[in-house]
Amino acid sequence: QVQLVESGGGLVHPGGSLRLSCAASEFTFRSNVWSWYRQAPGKERELVAAITRGVGSTNYADSVKGRFTISRDKNTVYLQMNGLKPEDTAVYYCNARGTTWPLTVEHDYWGQGTQVTVSS
């Protein structure tokens with residue numbers, strides 16, 4: 001079973017930066033789409049950013065455009081968060097949609113979540 005392990009969350013002041021990482025445990029896993037979601041207390045989970053395999057097309061929520069950058073490297077996806085705002089406070093989850101050799105059926109895997117708190 002593929003495990004996604006997240007790290008990099010924490011407490012930061014408004015305007016600060018954090019870099020989240022999410023690594024897949026299996027070298028046979030190939031992610032077609034890496035995504036970051038977040039869920040704030042009392043709110044529904046929302047897509048923050050996504051990046052595809054190959055060309056590496058990216059998509060961002062309007063609320064984070066220009067501040068967050070998603071990137072990938074082999075079995076790891078990153079989320080560089082700059083200019084953090086209090087409204088960015090949430091639990092951030094990474095998601096990988098892909099296949100595990102030799103299977104060809106895609107499956108979603110989720111990280112355990114990492115808390116990001118932006119507060120003065």
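Which residue in β6 does Ala50 stand opposite? Please take me through the strands and rings around there as well.

Modeller: Happy to! Ala50 stands opposite Asn59 in β6. A word on the basis: this is a predicted model, in which local features need pLDDT of at least 70 and side-chain atom pairs count only at pLDDT 80 or more, while totals for chains, interfaces and linings use all residues. Residues are numbered from 1 along each chain as its sequence is written, and side-chain values use heavy atoms, with hydrogens and water left out.

Strands here are DSSP runs of E with at least two residues, numbered from the N terminus, and two of them pair if DSSP finds at least two bridges between them. Strand β5 covers residues 46-52 and pairs with β4 in the antiparallel sense, over six bridges. On that side, Ala50 in β5 has Ser35 opposite. Three bridges then join β5 to β6 (residues 58-60), again running antiparallel.

Both connections are hairpins. Between β4 and β5 there are six residues, and Gly42 in the turn has a positive phi of about 80 degrees. Between β5 and β6 there are five, with Gly54 taking a positive phi near 85 degrees.

Now to the rings. Searching the whole structure gives two aromatic pairs; rings of Phe, Tyr and Trp (its six-membered ring) pair if their centres lie within 6.5 Å, and planes under 30 degrees apart count as stacked, over 60 as edge-to-face and the rest as tilted. Phe29 and Tyr109 have ring centres 5.4 Å apart and planes at 90 degrees, so they are edge-to-face. Phe29 lies in strand β4 (residues 29-39) and Tyr109 in strand β10 (residues 107-110), 80 residues apart, so this pair links distant parts of the chain. Phe29 is buried at 9% relative accessible area, and Tyr109 is buried at 12% (buried means under 20%, exposed over 50%, partly exposed in between, with a 1.4 Å probe and protein chains only).

The other pair is Tyr37 with Trp110: centres 5.1 Å apart and planes at 55 degrees, so it counts as tilted. Tyr37 lies in β4 and Trp110 in β10, so this pair ties together parts 73 residues apart in sequence. Tyr37 is partly exposed at 22%, and Trp110 is partly exposed at 37%.

Note on methods: Helices (H or I, at least four residues) and strands (E, at least two) are DSSP runs, numbered from the N terminus.
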